[in-house]
Amino acid sequence: MNTALLFQSLVLGVLLGGLYALLAAGLTLYFGVMRVVMIAHSAFLILAAYIAWYFNQQTGWDPLFSLLITVPLFFGIGVGMQRLLITRLRPATLTMMSVLLTFAIALFIEGMIGFVWSGTQRRIQLPYSGDSINFLGASVAVVKLMAFALAALSLALLYLLMKKSRFGQALRATIQHKEAAQLVGIRTDRVAGLGFGLGLATAAIGGTALSLDATIYPSLHWHWIGPLMAIIVVGGLGSIPGTAIAAMVLGIGQSLLQVPLGTTWAQTLFYVALFATLMLRPQGFFGGRLAQRF
Amino acid sequence: MPSASDTRSSTAPDDTTGPGGAGRPAGAGPWRGRLTTGRLIRLGAFLVCAALLLSFPSMAPNPYILSAGVVVLSYACTATAWNFMGGFTGYVSLGHAAFFGLGAYSTALLIRDLELSPFVAWLLGGVVVLVVTIPVGVAALRVRGASFVIVSISFVLITLLVFQGWDAFTGGSNGLVVPRPFPELLRPEHHRVFFYLFAALLGVMLLAWWAIDRSQFGMGLKAVREDEDKAQALGVPTRNYKLAAYLISGTFTGLAGGMYALWFGDLDPIFQFSIMLGAYMVLMALLGGVRHLFGPLLGALIVGSALEYFKMEFGDTQLHLVATALLLALVVLFMPDGIIPAARDLVRRFGPQQSSIREMTAAELLERNREAAAEAAARTAGGTAAGGTAGDGDRTDDGGTDGAGAAGSGKEEER
């Protein structure tokens, strides 16, 4: 592998890692506020991508404008899902049953996408789809750069919201210690609902970013959920910085391995990392007690 | 409670069925008789169901229905195998399809490459799955709850990737043809033979589940399900028990997969390592009731027949995904314990009522207890007089303590 190629895949890996980081941050939010592993996250991701594609088909406008619809819509769905479905489950078996429930939601979304828009592969054609920018010798597609910029911007916004706002403080308190948060007067059920909405909003943004660059089909979400879940376990469940670092490392690793191994085998990196993590540090590399706080 | 009342002498007042005071106006003798009729009914129902199941091949109107029956029975095998882990320990694995696929592929590859006879290959395939399950189980069982589910899903995704990618060995997406074990048989006969083979495998699994359910090992596993930390504190070797349950579950799933390979004769990674198959196993077991021996079988009969019906009526559309999703969500939200407990509750509701209001007056109760005490005293010649007086003393209180007082007298009579 020559250096130009290496650098090229490194840049692509960083761009991919940014998208992974945003999506994994959403998964971490759900886990933080409710101890729920949201299998349907990537199904919502694909749904957002489909909405962006449909929006582009119908109006001819740039798919980025569909964010104005999908972000509030997904936020509302997230709040509703937490308030109406997740809280109905018994606390004793919440973790296991919520996995099954969100799995059912994922299947439902996959089935409905296939039903409404058929199983045909879709792709958005944009005037700037084929353009690329030369960045220090590596040629980077504009759409990939836009997707990364969108992801990075949303992550930064999320970070500011969590760190600076009063709501973010309440959210972090809920994640750290629910009962204590209740004692100081935080309405944790409400905060948990909003946290869920926030997590689902990341799926809306990620899906739109994905639609710029990828060919989409209903069962695509299975290709995303595996890597994303590997990332959150490797990073340590509940730790946003941990997942961001794991997302970057694994995204770059996948991109680098794609050159010698091809796309199929490069994906196994995530699972190898997952099993290695379980054997070495089951709580994840950045998990454990400290990682529960930001 | 019934087992406690079984050991009591027939003269004990019936209020001893529980300190909750749900008195049934019947002595212990009739109660014991009802238990045996209950057992007889159960045994009869079991025999009728087994006979119906075994006579299905001769009743099936055409080979298509028969093949659908084989599919449903293979679902029942996988769901029951899943229940060794999911039912006993409460660890929900969404990735058991990986064991199914591994069993199917190792059976097929052993026949193809080593030219073993089909059923030797099938057994060896089970051994292969067992060997693969050990490291996976050790890794997966280091975590609990959510992480375990993640690992199980990852396992099925990774096996799918490997079996699709390694096409020189597995045939990849082109599929793999398994030689038929009985080349001389015609299609319908072939279905019939495999129907009985699957039924035999299911029988072995049910027997094993039943035996574990009654053993100390099963008790330890159930302790893990209820509270793993407390079980560990009480000295249950939780890690080894969980691993053993995982191995049993994985191996049985692999054997079901191997049998499927021999029957169906054509393998494709997409279908063998399908996450949907793992989801069906969970759905069937949950729908029937994971804490019951026949729960997964019942769930498989319902879900499996529905799936086959859907396939026949609507073909392979996206609708069956939606239907599966809705059913799974409904079960998880409203019936997480399954049909069997729900049905039992319903029978209790419309069956003989256990009213919380006692149906006899305090005076009648006093009279009956006195008679019972006197009888007991006459029988054991004065040894139980203390029991009678203890009951007398309590009876002056309000209704709530009556049961407890009577229970106390009952216990003293036992000594």
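**Confidence first, then chain A**

Mentor: Happy to, and let us begin with the partner chain, since this is a predicted model. In chain B, helix α19 (residues 399-414) has the lowest confidence, with a mean of 40, while helix α11 (residues 238-264) of chain B has the highest, at 92. Over residues 1-31 of chain B the pLDDT is below 50, although this stretch has 58 contacts in the model beyond near neighbours in sequence. Residues 383-415 of chain B also stay under 50, and there the model has 57 contacts beyond four places in sequence. Taken as a whole, chain B has a mean pLDDT of 78, and 80% of its residues reach 70 or more. Where pLDDT is low, the predicted coordinates should not be read in detail.

Now to chain A, the part you asked about. Its average pLDDT is 83, and 97% of the residues score at least 70. A stretch to treat with care is residues 289-294 of chain A, where pLDDT stays under 50 and the model has 12 contacts beyond four places in sequence.

What is chain A built from? It has 12 helices and 2 strands, and along the sequence they follow the pattern α-α-α-α-β-β-α-α-α-α-α-α-α-α. The C-alpha trace spans about 55 × 45 × 35 Å along its principal axes. A compact globule of 294 residues would have a radius of gyration near 19 Å, and chain A agrees because its own value is 19 Å. Of those 294 residues, 53% count as buried. Among the contacts in chain A with a separation of 6 or more, 79% are between residues 24 or more positions apart.

The two strands form a hairpin. Strand β1 (residues 132-135) of chain A runs antiparallel to β2(A), joined by 4 bridges. A:Phe135 stands opposite A:Ala138 in β2(A). The hairpin has 2 residues between its strands, and A:Leu136 takes a positive phi near 50° there.

Next comes helix α5 of chain A, residues 142-164. Its 23 residues should span 33 Å at 1.5 Å a residue, and the end C-alpha atoms are 32 Å apart, so the two figures agree. Which partners do its buried residues pack against? They pack against α1 (3-34), β2 (138-141), α6 (166-176) and α8 (188-213) of chain A. Among these buried residues are A:Val143, A:Phe148, A:Leu150, A:Leu158 and A:Met162, and A:Lys144 and A:Ser154 are included as well.

Further along, A:Phe286 sits in the loop between α11 and α12 (288-291) of chain A. Is A:Phe286 buried or exposed? It is buried, because 20 other C-beta atoms lie within 10 Å. The C-alpha atoms of A:Phe286 and A:Glu179, 107 residues apart along the chain, are separated by 24 Å.

Finally, look at where chain A meets its partner. In the model, 35 residues of chain A are in contact with 33 residues of chain B. On the chain A side, α4 (94-117), α9 (221-235) and α11 (263-280) each supply at least two residues, and the largest share, 15 residues, comes from α4(A). By class, that side has 24 nonpolar, 8 polar and 3 charged residues. For the complex, the predictor gives an ipTM of 0.83 and a pTM of 0.78.

Note on methods. Residues are numbered from 1 along each chain as its sequence is written. Chains are lettered from A and ligands numbered from 1 in the order in which they are written. This is a predicted model: local features need pLDDT of at least 70, side-chain atom pairs count only at pLDDT 80 or more; totals for chains, interfaces and linings use all residues. pLDDT is the predictor's confidence in each residue, from 0 to 100. Two residues are in contact if their C-beta atoms, placed from the backbone, lie within 7 Å. Ala, Val, Leu, Ile, Met, Phe, Trp, Tyr, Cys and Pro count as nonpolar, Asp, Glu, Lys and Arg as charged, and the others, Gly among them, as polar. The expected span of a helix is 1.5 Å times one less than its number of residues. A residue is buried if 20 or more other C-beta atoms lie within 10 Å of its own, exposed if 12 or fewer, and partly exposed in between; C-beta atoms are placed from the backbone. The radius of gyration is taken over C-alpha atoms; the globule rule is 2.2 Å times the number of residues to the power 0.38. Two strands pair if DSSP finds at least two bridges between them.
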